[in-house]
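Take your time with each one before reading its solution.

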Amino acid sequence: MKMKQTGLKACAKGSYGALTAKEARTLRRLIDQHYRVNMILDNLPVTVYDLLDEKNEYVRPGFELGYKKDGKYYINNHLVFNVLIYMTHGEYTAARAQYAKSMAMDAIDAHRLFRRRLKAAAARLNRAEQAALAAKRRAAQEEDYLGEYYQEEEATYAEMEAAQADSYDERGYDGDYDREYDPQYEEELQMEYDMEYEYEYESEAAAAAAAAAASAAAADQNPPFYMVVGFEVSPCSIARGSGVDVDDIICGVDGNSHIAPQEIYEGADIVYTYDVYWQESKIKWASRWDAYLRMPGGKVHWFSIVNSVLVVLVMATIVGMILLRTVRRDLAKYHALMSDAEAAAGRADSREEAGWKLVAGDVFRSPPNSSMLAVQVGTGFQILSSSLVVILLATLGFLSPAARGALLTAGLIIFVLLAGFAGFVSVYLWGLMERSYANWQGVAARVAVFYPGINMLIFTVLNMVIHHTGTTGAVPLGMYFTLGLAWFLVATPLTFLGGMLAIRVPLLDWPVKTNQIPRHVPPPPLSANPMLLFLAAGVLPFGTMFIELYFAMTSLWLGYFYYLFGFVLLIGALTCVINAEISVLCTYVQLCAEDYAWWWRSFHRGASVSLYLALYALGFLVSTMSSLHGFIPLFIYVTYMSIIVIAFYYAMGALGFAASLWFVRSIFRAVKAD
């Protein structure tokens, strides 16, 4: 390690070979689109920024493929890598010594195991000898041979039995001595006995050698060990001839400004070379990602949060005024009117209600296509809950950027596991609107296939288009089928399980009765125009997340790192609160206009923030992503942003609907109208 290497060729044959006309056009197109090359070393991305310079507000991974100058295109075919390393202070050597010690202990444990097996084999051999002596004794008795030989054998047997009993007492063995003698069995036991004794000596020697090696490894701490804590690159373009020795040229030095760059044209034979340098750094292993995760505009984030908090307070004040002054004042007048029997008898027409109280008999009437509304609300809560869990895990540091793809993988897994929550909400809400759980299986089935089906359809079309281009960005077929199996074998059963749990929950009672004949809805005034309320409902929630949305978009499409999930959690919470308050206010304005069809409109008004998100995505494409050319890049951008916009639509719509449902039930629960 720490060996400087210069003038190394990347291609085995020395050069890439002559460029074809198609390859030259492709390289020019990629340079026009500011295509970047990404590499990793020890899971750290390469960057052209100085990681040791603390003045850098952000670090962008990768480097430009080439550049354009005076109408000509040049490729960066020479890379100078600078690897930042940090010398350990015993971390690795201690780990190595501990590993060697554990290996030696494993050898000792194996030795002890074989000694136990050896004792067991010796016990089996002794049992065989005793069985042989017993067989001789029985044979002597059968032949009535009670002479001197029998007496000698009897004495010998008694001595051996006494000695063996002492031996078994020492070993704690209590076995059967009446086994019949088998010469072949005795021979096998003797061979096993000899082999295990021989292995005992070898294992003892091996254990001693392993212990000595462990001690030597623990004591030998002279060779230094280094850890990679940074990966920098300086790309440049140098015209080199194929088959010619590579000169030692340092990029960026003024004295080498006379070097001709490598131009891209048909027939150009490009030689790719690289240098490797090692630089000791003070960056520790635990802090090596800090330089990559720098984010610009820290004060901007806090200003955005303070602005959002002020908006939340203003909207909370407005909603509070509605609830505390307007609604309570109307209810007080209405209750006084109902309790005053004399006034009621004298002026019968004065009991006529006004405003939102006029729709008390129709406000809880089941909306048209209630099953689809329930499906969309359940889908929205599934998206909200899974997003909350993922952001919490990322904020707490469980989803580290060192684990590539961990955020997306965790999001997919949590979304699939929360399918049961979507089924529960959808089935219960549908039963609440229809006042019955009959045929709830159809609602659960629609939840299982609705939003996942939309995403799978978009994903399939996008993957087919990417695969058609021949790039490696297409999702492999195995992964594609894995997603499909997770959908059908995990998410779908969980959805039905959630529906089964929902039908066991008793339905809430509406505070007022619903009339049999629907009330006529008068034309709304300008202030209660449905389209005006829809457009106005999404302005403040979008303004709350506008600043953070910019950083998220630059991270998603421009390759910058983004790891300020704490800000995302705060801004997301404030956006949800503002969206709920706006939905409540718009629903109140609609009810005051004697329009009781608030179910679907409250959902659409809550989801109106997705309209501004879509407009922002188009503006970001025109202003920031103007380098995108061709159908495929534009199609990829539009497709992914469509998935994000649809997710926002259902999530915010479900939140606005839930807030409106709570508000309507709360105000009419206070009305004592029969």
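The exercises below concern a predicted model, and each is followed by its solution.

**Exercise 1.** Find which residues make the nonpolar surface patch of about 600 Å², and which helix gives the largest share.

*Solution.* Start with the members: Ile 413, Leu 417, Leu 485, Phe 488, Leu 489 and Val 490 make the patch. Next, look at the elements: helix 8 (406-417) and helix 11 (477-502) each give two or more residues. Helix 11 provides the largest share, with four residues. Finally, pick one member, Leu 417, which sits in helix 8. Its relative accessibility is 53%, so Leu 417 counts as exposed, the cut-off being over 50%.

**Exercise 2.** Decide whether Ser 608 is buried or exposed, and work out what its side chain reaches.

*Solution.* First locate Ser 608: it is in the loop between helix 15 (599-606) and helix 16 (609-623). Buried means under 20% relative accessible area; Ser 608 has 1% relative accessibility and therefore counts as buried. Now check its surroundings. Leaving aside residues up to four places away in sequence, Ser 608 touches Phe 534, Ala 537 and Gly 538. With Gly 538 there is a specific approach: the Ser 608 side chain reaches the backbone nitrogen of Gly 538 at 3.0 Å.

**Exercise 3.** Determine in which sense strand 10 pairs with strand 1 and with strand 8.

*Solution.* Take strand 1 (residues 5-9) to begin: strand 10 (residues 273-280) pairs with it in the antiparallel sense, over three bridges. Here Leu 8 stands opposite Tyr 274 of strand 10. Then turn to strand 8 (residues 78-87), whose pairing with strand 10 is parallel and spans eight bridges. In this case His 78 has Thr 273 of strand 10 as its bridge partner.

Methods: Residues are numbered from 1 along each chain as its sequence is written. This is a predicted model: local features need pLDDT of at least 70, side-chain atom pairs count only at pLDDT 80 or more; totals for chains, interfaces and linings use all residues. Side-chain values use heavy atoms; hydrogens and water are left out. Patches are made of residues with over 30% relative accessible area and no salt bridge: like charges are joined within 9 Å, nonpolar side chains (Val, Leu, Ile, Met, Phe, Trp, Tyr) within 5 Å. Accessible areas come from the Shrake-Rupley method with a 1.4 Å probe; for residues, only the protein chains shown count as cover. A salt bridge is a side-chain nitrogen of Lys or Arg within 4 Å of a carboxyl oxygen of Asp or Glu. Buried means under 20% relative accessible area, exposed over 50%, partly exposed in between (1.4 Å probe, protein chains only). A polar contact is a pair of N or O atoms within 3.5 Å; within protein, one must be able to donate a hydrogen and the other to accept it, and residues adjacent in sequence count only if both atoms are side-chain atoms. Contact means heavy atoms within 4.5 Å. Two strands pair if DSSP finds at least two bridges between them.
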